[in-house]
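Trainee: Could we go through this structure together, one question at a time?

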Amino acid sequence: MSENIKTMHAKNMQQVTLQAKISKSVVKFFTYAFLILMAVIILFPFYWMVISSLKTLEEYRLSVPTLWPRNVMFSNYAEAFTAASLDRLFLNTLYVGVVSTLLSVVITVLSAFAFARLEFKGKDTLFAALLATMMIPGELFTITNYATVTHLGWLNSFTVLIVPFLVSVFYIYLLRQNFLQIPNELYLAAKVDGTSDIKYLWKVMIPLALPTIISITILKMMGSWNSYIWPRLVANDPAHQMITNGLRNAFTDTSGDVNIPVQMAAVAIVSFPLFLVFVFLRKYIMQGVSRSGIKG
């Protein structure tokens, strides 16, 4: 009798285990199916951009779109580089991006250190006021910023593309939260040893918060690379034109017709550096954001 009970118990356990495995497999199947579907939806526009850049204009205008070009036109890329003067646009965008990123990182590090470690009157009030500005849409600043730079005579210059957006409250907040996670005892010990604030910042806080600083650098550079509205408004002359604006009308002929495949080729060229940044540096962005925490 006891052997029969043991046998039935063993069979029940096997059935429970089998059902659990089946349920786990079904959940895994639908999970991966959902992820694959989302990946296809997200990646399809990039796929369409690439295949469109390899088509002729006549094939692109067909009433029934083709999912692969009949004649692969790699010459579209050479034509796009020449027609849009991409070399000049790349240099302008790279210059604005590098200079604005370096200055912005310096301002962010110094501001975050001041709010995280230094004690001065009105610190909390000032920081709260800065955070309050994050609730105001950036578009509302456009009119006042434009009036200011016009009054200063900065239109159509690199200065107008760099200076107005050097300070980012979000980046300051992000780095401040990271600095707050560093034990204050290190700062007090350094002050006892006679270490200056700048030396302590350079030797201790920056190395410990390096992932967040790298994230800020990457995000700021990508923001400068992708900026469109402000450069379009204040710097439309060829000498200071950014790459996002340079692609808008570079492929329109006198009749107003746009060579879409060549334009797509130019967009693919411009998007390629950002694709490399995402592929090779995404872990630094995730590390920087995750280490910032919610302390403070």
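Trainee: What is the handedness of the crossing of α4 and α11?
Mentor: This is a predicted model, in which local features need pLDDT of at least 70, side-chain atom pairs count only at pLDDT 80 or more, and totals for chains, interfaces and linings use all residues. Residues are numbered from 1 along each chain as its sequence is written, and side-chain values use heavy atoms, with hydrogens and water left out. A crossing counts as left-handed if the near helix is turned anticlockwise from the far one by less than a right angle, and as right-handed if clockwise; the crossing of α4 and α11 is right-handed.

Trainee: Which residues of α11 make the contact with α4?
Mentor: With contact meaning heavy atoms within 4.5 Å, the α4 side includes F90, L94, V98 and V109. The α11 side consists of I213, I216, T217, K220, M221, S224 and W225.

Trainee: At roughly what angle do the axes of α4 and α11 cross?
Mentor: Axes are lines fitted to C-alpha atoms, for helices over the stretch in contact, and angles run from 0 to 180 degrees between N-to-C directions. The axes of α4 (residues 86–117) and α11 (residues 210–226) come within 9 Å and cross at roughly 145 degrees.

Trainee: Which helix gives the most to the lining of the largest pocket?
Mentor: A pocket is an open set of points on a 1 Å grid over the protein atoms alone, where a 1.4 Å probe fits, with protein on both sides within 12 Å along at least five of seven lines, and lining residues have an atom within 4 Å of a point. The largest pocket is lined by 30 residues, with G138, F141, P164, F165 and V167 nearest its centre. Among the helices that each supply at least two lining residues are α4, α6 and α12, but the most, 4 residues, comes from α11.

Trainee: Which elements give two or more residues to the lining of the second largest pocket?
Mentor: Of the 13 residues that line the second largest pocket, L43, F46, S271, F275 and F278 are the closest to its centre. The elements asked for are α1 (2–53) and α14 (260–292).

Trainee: Why is the chain described as more spread out than a compact globule?
Mentor: The chain has 14 helices and 0 strands, where helices (H or I, at least four residues) and strands (E, at least two) are DSSP runs, numbered from the N terminus. The radius of gyration is taken over C-alpha atoms, and the globule rule is 2.2 Å times the number of residues to the power 0.38. The chain is more spread out because the rule gives 19 Å for 296 residues, whereas its radius of gyration is well over that, at 27 Å.
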